Amino acid sequence: MSNHFDRLKKNIFTIILGEIALMILVHWLFRQPTYWLDVILIVLNMILIVAVFELFDSVLAKRNLALTKIIGEEASQAFVFGNIGLLTYDSNLTVTWANDFLVSRFENIIGKQISVWLPETQALFNSEAELVTVTVDEYTYEIAKKEEGQTLYFKDITAQHVMKELSTNQQMVLGYIHLDNYEETALYSDDKTTGQIDTNIRQRIIEWARSQGILVRRLRTNRLMLVLNQQLFENLIQDNFSIMNTVHEEAAKLDVAITLSIGFGKGSNDVQTLDEMALNALELAQSRGGDQIAIKAYDQEVEYLGGSSQAQEKRSKVRARIIGQTLKDLIHKSDNVILVGHKEMDFDSMGSAIAMNNIVRSNGKDAFIVMAGGIEEKLQRAFNEYEEELKKTCVFIDETQIAKTALPKSLVIMLDHHNASQSSVPNLITKSKRVVVIDHHRRNQDFTFDPMMVYTETAASSCCELVTELIPYQSKHIELTKEEATMVLTGVVIDTNRFRNRTGSRTFEVASLLKQCGADPLKADEFLKDDFATFELKAKLFHSMSVDEHGLAIASLPNESVSRSIMSQVADSMLSIKEVEAAFVVARDDDQVAVSARSNGNVNVHVIMEKMNGGGHFAAAGLQRSNTTVSEVLAELKAVLQHSVDEEDKINESHSVE
Ligand SMILES: [Mn+2]
């Protein structure tokens, strides 16, 4: 249409130019005024003006006709009244016509290329969406496309949009803060330290909350409640929950093991639901090792923040002392103690059972070590060699002997695991009313039984380390035999991959204590040697290994069955290669497919495995699945890794922009 007017303008201009030229020519030829020509030209121009008006009138009529054709006369009035815009476009997505409402909102709307002007509408044109929301200047519009015919409808929803944003921002958020290890620390600290904890840590949290505009109330000495809204919550996310770092720093200055676990509930208008969600989130944050934030939004999966720093040696000896004393009391109140490891018993399970056996016996009670649910090959070899010596101090029982050993007041101690299903004797765990859990694995789900005491320390190298540490807190002096000490040491050696991973100063303290009892490190090394078949299997895995430019290494075997311990050993060895940041081994273990993931500390493999419904620690994680193939799991792993690399890039990009 605009072309049409352009042509018309050009034509009129040409006619006027022609008239002037003609007048000059006639004046020059006749050298006197030519009134007849002036009269002719004036009449001609009048005709021209009338013609142009006529043309405009007819175009306007056509336009109105088009409008009424599309929306009807009355409806068109209603559209203007209801702030509804309407436009038509041609096959090039160029605006050919717009109603008065749109013309008043957008300058020079006719002739605009829609896809350039409002890129969001692309989704309408390729049928990805039926409705798009677009904000231009201070107005927000909902835009829909007419099924047939090249027409777009605009609905001004600015008011609703503002209201919605306002109400979302005002939505209530509930939070609970728990000071991890506060009670234990306060119990065994002098008054001065306790006072400092109160001013430097507890008071700082309250000040932080107030400065953020949050209502904060102390519920118990170690628990605070937060009341805020969505907008304030967004601010906390922007602020990266700086309070977590403040508490880290202050706790380090005071040399105490206090960290924060925070749970949030949001996205519901029901306060009781919010409360429940916040408490559950807190429970999850704590059970994952504390020092992190869990956010539960209504109808959504729990999100975790923090906990991305590898568990430092932040646990306090105070806790070991309390656990040691509580355990002593529990043992005294029990008829006897049954020590249970996990299925496919390994050196850590066995070693910690042997150490615990000594603690129980020093307290004058009988202890029984359950041998059921399979045993690892190397451990079996070591056990055969030491059997005679070990049986002088330990009583080993199999599944059939449990019935007559378990008494109403037997204490069952689960070692190196915390799930009944992983236990070598799941029935005993679920039936028993007196269960203690001692483990160094991160908890990722609720207990299916009701434990009397739980001692999980994810920062500890091994269960052997945790149990050995309890020895000095027993009233009687305990000395392990040379063979016992060697078995316990082997548990530490294998779980730390020869003092490489998760090895803290307390790991060496434990090793030193074991050495004093005569532990033989060379023997431990010998126990861990491979036979030829294992060596061959490992070599095959190494042969399949590839490393990408991000240092992510993957090894896999599609057909052979590889035990989980071999997978983790291979993953550990892959980390000894300079370029490798994280190692993943995918293989079949009997009828399951398993992934063993290890990291040198720069990559959080726990988060990666969690995305595939696995679990573990920052630097060591894994998963196992039934009814699948190695290649399927491998493909999924590669997709997840690619996704995390992309995410990382995005984060790096946004940082470099800053
Ligand atoms: Mn272990």
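In helix 20, select R506, T507, V510, A511 and L514: these residues are buried. They lie on the same side of helix 20, because they span an arc of only 150 degrees around its axis. Bear in mind that this is a predicted model.

Now select the whole of helix 20, residues 505-516. It has 12 residues. From first C-alpha to last it reaches 17 Å, close to the 16 Å expected at 1.5 Å a residue.

Turn to the face of helix 20 that points away from its buried side. S505, S512 and Q516 are the exposed residues there.

What covers the buried residues of helix 20? Show helix 18 (463-470) and helix 19, which are included in that cover.

Step just past the end of helix 20. G518 takes a positive phi of about 100 degrees.

On helix 15, pick A382, Y386, E389 and L390. On helix 19, pick E483, E484, M487 and T490. These residues make the contact. By class, the contact has 4 nonpolar, 1 polar and 3 charged residues.

Last stop: strand 7, residues 215-220. Is strand 7 well covered or hardly covered? It is hardly covered, with a count of 0 buried residues among its 6. Select R217, then its bridge partner in strand 8, M225. Finish at the hairpin, where 2 residues link strand 7 to strand 8.

Key: Residues numbered from 1 in each chain as written. Predicted model: local features only at pLDDT ≥ 70, side-chain atom pairs only at ≥ 80, totals over all residues. Contact = placed C-beta atoms within 7 Å. Helix = DSSP H or I, 4+ residues; strand = E, 2+ residues; numbered from the N terminus. Nonpolar A, V, L, I, M, F, W, Y, C, P; charged D, E, K, R; others polar. Expected span 1.5 Å × (residues − 1). Buried ≥ 20, exposed ≤ 12 C-beta atoms within 10 Å, placed from the backbone. Arc of directions from axis to C-beta. Pairing = 2+ DSSP bridges.
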